[in-house]
Amino acid sequence: MRRTAAAVLIAALAATTVVLAGCTGTTTAAPTPVRSTDLTSSDGGFAKNAVIGVVLTADAATPGDSEDGRSLATRFREELTEAGFRPDVRVAGADQAARQRSAVRDLVRTGAKALLVRAADPSSLRTELRTAHDAGVVVVALDGALPSSGGGNDGLSSDYRVDGGDSDAQLVSRTVDMVTSLQRGEEPTTK
């Protein structure tokens, strides 16, 4: 009788553990562990020299007509570096959504603290953006909305959104200001 009672108790405890374990955790296969040495504290900020991932469409590789001859990709690389960050800029063709998905996965896996995304096909990034959120990466949509990833989240596709305004220079300036606020652990203001 004691053996049966002990077996029932052990089975009940094991079932409870399985149920409770299923109630916690992430909704996707977030990379574990995310390689990170950039966190400064639990204040929500990150180190000044953090990796900032930038995922852009093919048009970002060519200079704008009314600009100073620098492409959007070059502007992000230069101005994020000038602000003290380590930018990792990835440019994929507008027809190459798979390259953008791969870039987002790679940037999350290698420890980017923020992702700045101008999507070629926004709906194709749902899973990757959910993984980024689960890994604690701040996602900033550039110029356009990013899709909600579902799965019981709050319905937000990105943590923040920056509209370009009239030029690439304005887009980059506003974005770098936002990343700097995030780095300090502050809630960025949108302009």
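Which residues is I52 in contact with, leaving aside its neighbours within four places in sequence? I looked this up first, taking contact as heavy atoms within 4.5 Å. I52 touches F46, L80, F85, R86, P87, D88, A114, L116 and V179.

I note that the model is predicted, with local features needing pLDDT of at least 70 and side-chain atom pairs counting only at pLDDT 80 or more, while totals for chains, interfaces and linings use all residues. Residues are numbered from 1 along each chain as its sequence is written, and side-chain values use heavy atoms, without hydrogens and water.

**Core.** I then turned to the nonpolar cores, sets of buried (under 20% relative accessible area, 1.4 Å probe, protein chains only) Ala, Val, Leu, Ile, Met, Phe, Trp, Tyr and Cys residues joined through side-chain atoms within 4.5 Å. The largest has 26 residues, of which I52, L56, F76, L80, L116, V140 and L142 touch the most other members. The elements giving two or more residues to this core include β1 (51-57), α2 (72-82) and α5 (168-183). I found that α5 gives the most, with six residues. Helices (H or I, at least four residues) and strands (E, at least two) are DSSP runs, numbered from the N terminus. Another core, of 17 residues, lies apart and has A103, A119, A132 and L146 among its members.

**Loop.** I found D143 in the loop between β4 and β5. Its phi is near 70°, a positive value in a residue other than glycine; most residues other than glycine have a negative phi.

Terms used: Buried means under 20% relative accessible area, exposed over 50%, partly exposed in between (1.4 Å probe, protein chains only).
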